[in-house]
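We will go from stop to stop, picking a few residues each time and looking at what is around them.

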Amino acid sequence: MRTAALLQYGTTTVAIDCGPDFRQQMLAAKVAHLDAIIMTHEHNDHMVGLDDVRPYNFKQMADMPVYATPRVQEQFHQRFDYVFRTQNKYPGAPMVQLITIDKSTPIQIGELQIIPVEVMHGNLPILGFRIGNFAYLTDVRSIAAEEMKKLRGLDTLVLNALHHSEHHSHLNLLQALDLIEQIGPQKTYLIHMSHRMGLHSAIEQTLPKNVFLGYDGLELGIAY
């Protein structure tokens, strides 16, 4: 399935991104209540599952808060016009509350404080997120020095590594390993991999002892 994550702490549950597999992912994880969605960026593999917030609207009797930058909000309005109409809105359309975020302001959702980290997806600035000593960074190609400071002292890093070849907007495996060495987390899990990466059993044997390949359904316990 597409890359996404779910944060659970106390009574707070937050999804990172809502791609095309959002419904299937929420069912598989048995997510009965969802407090919010926070968005990394506007590419289809991260946002086109927005319509599937409707079961949460019906069950929770509330709009779904979706935290996104102004640019991502604009794309939601374009691609999901029927969700955001103020007139002649279709009955039963998803109910969404867009909340503006930026790279400089921490986000408080229930019991979770989330620190945005700006990364570059090729030439596109997007967001990753730090929660306690855990950070989730997807679709990275590079990170500015000022944003790297937000990643000091991590226990666990989740980072993209597309495959082995050079790519204009994603880290390849060697570039990801180099960035991991610069950040210095205790453990790293690689995500957003292409089928061209190779077999899990073969590739993981070649990785440093503190770097692992992620997989659908992976659960991590983190200090917060």
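Start by selecting F76, F80 and Y82, which form one aromatic cluster. Rings of Phe, Tyr and Trp (its six-membered ring) pair here if their centres lie within 6.5 Å; planes under 30 degrees apart count as stacked, over 60 as edge-to-face and the rest as tilted. Before going further, a note on the source: this is a predicted model, where local features need pLDDT of at least 70, side-chain atom pairs count only at pLDDT 80 or more, and totals for chains, interfaces and linings use all residues. Residues are numbered from 1 along each chain as its sequence is written, and side-chain values use heavy atoms, with hydrogens and water left out.

**Aromatic pairs**

The whole structure holds four aromatic pairs. One of them is F80 with Y82, a tilted pair with 6.2 Å centre to centre and 55 degrees between the planes. Colour the two by accessibility, where buried means under 20% relative accessible area, exposed over 50%, and partly exposed in between (1.4 Å probe, protein chains only). F80 is buried at 6%, while Y82 is partly exposed at 28%. Now move to Y189 and F212: their ring centres are 5.3 Å apart and their planes at 25 degrees, so this pair is stacked. Y189 sits in strand β11 and F212 in strand β12, so the pair ties together parts that are 23 residues apart in sequence. Y189 is buried, at 13% relative accessibility, and F212 is partly exposed, at 24%.

**Helix α4**

Next, select residues 70–79, which make up helix α4. Helices (H or I, at least four residues) and strands (E, at least two) are DSSP runs, numbered from the N terminus. Which residues of α4 are buried? They are V72, Q73, Q75 and F76. Look down the axis of α4: these buried residues fall within an arc of 160 degrees, so they line one face of the helix. The arc is that of the directions from the helix axis to the C-beta atoms. As background, an α-helix has 3.6 residues a turn, so residues three or four places apart point the same way.

**I38 in strand β3**

Jump to I38, which is found in strand β3 (residues 36–38). Is I38 buried or exposed? At 0% relative accessibility, I38 counts as buried. Show its contacts, meaning heavy atoms within 4.5 Å. Leaving aside neighbours within four places in sequence, I38 touches V14, A15, I16, D17, Y67, I109, I114 and F129. Then draw a distance to A68: I38 and A68 are 30 residues apart in sequence and 6.3 Å apart in space, C-alpha to C-alpha.

Select H167, in the loop between β10 (156–160) and α7 (173–183). A polar atom of its side chain lies 3.3 Å from the backbone nitrogen of H170. For such polar contacts, the pair of N or O atoms must be within 3.5 Å; within protein, one must be able to donate a hydrogen and the other to accept it, and residues adjacent in sequence count only if both atoms are side-chain atoms. Beyond its neighbours within four places in sequence, H167 is in contact with R141 and L162.

Walk on to N172, which caps the N-terminal end of α7, with a side-chain oxygen 3.2 Å from the backbone nitrogen of L174. Within α7, L173, Q175, A176, L179, I180 and I183 are buried. Seen down the axis of α7, they fall within an arc of 160 degrees, so they line one face of the helix. L174, E181 and Q182 are exposed on the other side. Show α6 (145–148), β10, β11 (187–191), α8 (200–203) and β12 (211–213), which are among the cover for the buried residues of α7. Following α7 comes G184, whose phi is positive, near 75 degrees.

**Zooming out**

Finally, display everything: the protein chain has eight helices and 12 strands. Its C-alpha atoms fill a box of roughly 55 × 35 × 35 Å along the principal axes. Buried residues make up 49% of the 224 residues.
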